[in-house]
Amino acid sequence: MNQNQKKSEQKQSPTRLLLFFLYTIGLAAIDQATKQAAQQMLRGKDGLTIIPGVFELQYLENRGSAFGLMQGQKTLFITMACLMLLVIPYLYTRIPRSRRFFYLRVIAVFFLSGAVGNAIDRIVNGYVIDFFYFSLIDFPIFNVADIYVTVSTFLLIVLMLFYYKDEDFEQIHLFSR
């Protein structure tokens with residue numbers, strides 16, 4: 001493949017970048033809608049058992065990060081989300097358009113959607129609304145944005161270990177035009 005073909009494959013069309021942002025906004029909107037529903041239906045209540053002894057919906061205002069760590073670090077979390085708003089779209093534009101990299105593009109959309117969803121909560125409410133609870137294993141309460149971030153991170157690790165090779169990552173030119 002010559003240099004011009006590589007550059008052509010590397011560049012994202014404006015339509016692809018627009019779709020990236022539209023999917024990100026759409027997924028973040030789904031997250032926000034579920035949090036609003038949880039707030040309206042669960043706030044101030046004991047919770048709603050879906051599968052007895054296994055799964056419940058419980059309202060929680062989380063002022064920390066995942067699993068309630070780093071409580072009260074709102075400024076840090078908002079700063080990190082803003083950084084993600086810059087870094088992830090940039091990385092997305094560097095991912096080749098070939099089918100082989102489809103999964104990386106999807107992961108970028110879901111990861112950014114989760115970061116945006118929780119950032120909106122922190123900016124608007126001062127906390128993140130969590131509501132899914134697996135009581136069977138006493139797993140920390142979480143939300144849709146957390147699912148986006150966790151699943152996309154897990155998939156990225158699996159893909160890096162078993163699907164993508166070193167030469168694939170050589171095609172992602174982070175600092176070239």
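Which residues in helix 2 meet Val 144, Ala 145 and Tyr 148 in helix 5? They are Leu 27, Ile 30, Asp 31, Thr 34 and Lys 35, where contact means heavy atoms within 4.5 Å.

This is a predicted model, in which local features need pLDDT of at least 70, side-chain atom pairs count only at pLDDT 80 or more, and totals for chains, interfaces and linings use all residues. Residues are numbered from 1 along each chain as its sequence is written, and side-chain values use heavy atoms, with hydrogens and water left out.

**Helix packing**

Helices (H or I, at least four residues) and strands (E, at least two) are DSSP runs, numbered from the N terminus. Axes are lines fitted to C-alpha atoms, for helices over the stretch in contact, and angles run from 0 to 180 degrees between N-to-C directions.

| Helix pair | Axis separation | Angle |
|---|---|---|
| Helix 2 (residues 14–42) and helix 5 (residues 144–162) | within 8 Å | roughly 140° |
| Helix 4 (residues 102–125) and helix 5 | 8 Å | about 150° |

Helix 4 is therefore roughly antiparallel to helix 5, whereas helix 2 and helix 5 are oblique to each other. Angles under 35 degrees count as roughly parallel, over 145 as roughly antiparallel, 65 to 115 as roughly perpendicular and the rest as oblique.

The contact of helix 4 with helix 5 involves, among others, Tyr 103, Phe 110 and Phe 111 of helix 4 and Val 149, Leu 156 and Leu 159 of helix 5. By class, this contact has 12 nonpolar, 6 polar and 1 charged residues. The contact of helix 2 with helix 5 has 5 nonpolar, 1 polar and 2 charged residues. In these counts Ala, Val, Leu, Ile, Met, Phe, Trp, Tyr, Cys and Pro are nonpolar, Asp, Glu, Lys and Arg are charged, and the others, Gly among them, are polar.

Three strands form an open sheet in the order 1-2-3, with antiparallel pairing; two strands pair if DSSP finds at least two bridges between them. Strand 1 and strand 3 (128–134) are the edge strands, each pairing on one side only. On average, neighbouring strands are turned by 35° against each other, direction ignored.

Strand 1 (residues 48–51) is joined to strand 2 (residues 55–62) by 3 bridges, and Leu 48 has Leu 57 as its bridge partner. Their hairpin has 3 residues between the strands, and Gly 53 there takes a positive phi near 75°. Strand 2 is linked to strand 3 by 6 bridges, with Val 128 as the bridge partner of Asn 62.
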